[in-house]
Amino acid sequence: MLRTVAGFDRLGEENAFTVLARAAELSAQGRDVINLGIGQPDFRTPEHVVEAAVQALRDGHHGYTETTGILPLRETVAGYLAARTGVTIPADRVMIVPGGKVTMFAAIMMFGEPGAEILYPDPGFPIYRSMIEFTGARPVPVPIRESNDFAFSAEELLSLITPATRLVILNSPANPTAGVTPRPEVNRLVAGLLEHPNVAVLSDEIYDRIIYGGAEHVSLLGYPEIRNRLILLNGWSKTYAMTGWRLGWSVWPTTLVERFRKFAVNGWSCVNAAAQYAGIAALEGPQDAVDTMVSEFDSRRQVTVDLLNRLPGVSCVAPRGAFYAFPNIAETGWAAKSLASALLERAGVALIGGPDFGTLGEGYLRVSYANSEDNIRKALARVGDFLAEARPR
Ligand code: PLP
């Protein structure tokens, strides 16, 4: 028997990928499955971005690049952040990574070890907890409640910090709840963090541009008092419909840049060269494709919430960001994972059970509306028929 390190026995999953695989299997058997499970835009990458990558390949950008990304891209990211947040950071603190996920992977690896504690949102993106467990650190869930519009509560979060806390993970706009934490709450959090100067902050802002109805995205970059311990996670995946390109960026505190570079050179050497040129085109080029996508998501969001609220036993608060709805299904009598699995197998609708995002996800489903309005209508009609006919188990 081969003996691997204990962390591998503790690794978790991202169930959206498992559901995607099962949905594909059912479709291959000839079943008609509508996928409201996966968290990626159903749009193409804007054409000028694709062209920039093609051009880069034609121009011979076929080799390794600097580990932390080509300088023009890092400068572009720094300029983009300055324009969006008013905060100027030097390009040498910007790290180009193969996907947003890699930043959380690196940050959690950097701070997690037995004896350490890391705070993470529950329900939240499942990889946070999985990676915390991998490192042997203690995962400390920060409850994200419907009664608080799925924003985090600064007071509750701060009350969970102990002398063992090394890292706090924040995510707004949030997956899976679609909550957006308002500025006064972020202000309270930052003020409270000043009493814990040795706690690092990982702010996952991958959905920052996908926001609705007057909600405001508050970047943690806007708080100079914590900038020396902030790791900012962002990237191209969601904003520019580039999930398959594997391209992300992060901003690291000056003191961690060299550690991060070493970690990167040990892990992936550099990011795909052509994709980096595409990244420049995305940030510097016209943004109308982003606006069109977000306004399309917004109208689907309204349809989705309206239809969900008509289902028996289901209620859904209006999502403020990302492209998910997180309906409360407690009154249906179904356990969330049983319902998600029955809907996939028996009604041909793929969505994700709330417990796949943490224990506080029980009683909820995650519905991704990154699908056509027609499909959303058809899928939710099937859910309605199913709930009317089937007995909970
Ligand atoms: N952070 C959150 C909250 C996400 O939902 C996702 C993807 O679903 C990521 C990070 C990872 O993004 P990427 O595909 O760029 O690795």
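User: How many residues does helix α5 have, and how far does α5 reach from its first C-alpha to its last?

Analyst: This is a predicted model: local features need pLDDT of at least 70, side-chain atom pairs count only at pLDDT 80 or more, and totals for chains, interfaces and linings use all residues. Residues are numbered from 1 along each chain as its sequence is written, and side-chain values use heavy atoms, without hydrogens or water. Helix α5 covers residues 100–111; helices are DSSP runs of H or I, at least four residues, numbered from the N terminus.

User: Which element gives the largest share of the shell around the ligand?

Analyst: In total, 14 residues surround the ligand (a heavy atom within 4 Å). Gly 100 is among the closest. The largest share, 3 residues, comes from α5.

User: How much of the ligand's accessible area does the protein cover?

Analyst: A backbone N or O atom of Gly 100 lies 2.7 Å from a ligand oxygen. For a polar side-chain atom of Tyr 207, the distance to an oxygen atom of the ligand is 2.8 Å. On its own the ligand has 390 Å² of accessible area (Shrake-Rupley method, 1.4 Å probe); the protein covers 94%.

User: Is Gly 115 buried or exposed?

Analyst: Gly 115 lies in the loop between α5 and β3 (117–122). Buried means under 20% relative accessible area, exposed over 50%, partly exposed in between (1.4 Å probe, protein chains only). At 65%, Gly 115 is exposed.

Methods
Helix = DSSP H or I, 4+ residues; strand = E, 2+ residues; numbered from the N terminus. Expected span 1.5 Å × (residues − 1). Polar contact = N/O pair within 3.5 Å; in protein donor to acceptor, adjacent residues only side chain to side chain.
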